[in-house]
Amino acid sequence: MLGRQGHMHNIVSDLIILKTLKIKPRPAPPRQFISMVWRPPPIGWIKINTDGSSQGASGAMSTDGVFKRSDGTVSFCFHFDEGIGFSFLAELLAVIVALEWAQSLSLDFIWLEADSAYVVSLLSSRN
């Protein structure tokens, strides 16, 4: 079974086929892990982290968000299934839903983080 970038994820049936065809398997490269550190917001602020995803190029979308205080405790979180669409739309909807919840919860000082660079640049632009 070929994985991303054409690398082999060696499972028994694949190895048997490759051995029969006298083809040397290519092992998949080791996964690279990125260390992530959550930084708390200033005292009195709420930090909102959002994420959106879709299954496939255009598939079932979902949005998620978590609201945390400066001491790291969760004050609110959400998850919604959003229909069919692309990842970018799911990421954008996650931010919109988070802002709507922040407004309905009467939060004055929020720090919003989204993991989509395109959504962040879109919302940060003055256009």
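Which residues make the nonpolar surface patch of about 580 Å²? Hold that thought while we look at the sheet. What you see is a predicted model, in which local features need pLDDT of at least 70, side-chain atom pairs count only at pLDDT 80 or more, and totals for chains, interfaces and linings use all residues. Residues are numbered from 1 along each chain as its sequence is written, and side-chain values use heavy atoms, with hydrogens and water left out.

Let's begin with the open sheet, whose 4 strands come in the order β3-β2-β1-β4 with mixed pairing. At the edges stand β3 (74–85) and β4 (110–114), each with a single partner strand, so one side of each has no neighbour in the sheet. From one strand to the next, the twist averages 15°. Helices (H or I, at least four residues) and strands (E, at least two) are DSSP runs numbered from the N terminus, and two strands pair if DSSP finds at least two bridges between them.

Now walk across the sheet. β2 (residues 59–68) pairs with β3 in the antiparallel sense over 10 bridges. Here Lys68 has Val74 as its bridge partner, and Gly65 stands opposite Phe78. These two strands form a hairpin with 5 residues between them, and Gly72 in the turn has a positive phi of about 90°.

Helix α2 (residues 87–104) lies across β1 (46–54), β2, β3 and β4, at about 150° to β1. Contact here means heavy atoms within 4.5 Å; axes are lines fitted to C-alpha atoms, for helices over the stretch in contact, with angles from 0 to 180 degrees between N-to-C directions.

Back to the opening question: the patch is made by Phe86, Phe88, Leu89, Tyr118, Leu122 and Leu123. Such patch residues have over 30% relative accessible area and no salt bridge, and nonpolar side chains (Val, Leu, Ile, Met, Phe, Trp, Tyr) are joined within 5 Å. A salt bridge is a side-chain nitrogen of Lys or Arg within 4 Å of a carboxyl oxygen of Asp or Glu, and areas come from the Shrake-Rupley method with a 1.4 Å probe. The largest share, 3 residues, comes from α3.

Methods: Patch = residues over 30% accessible without salt bridge, like charges linked within 9 Å, V, L, I, M, F, W, Y side chains within 5 Å.
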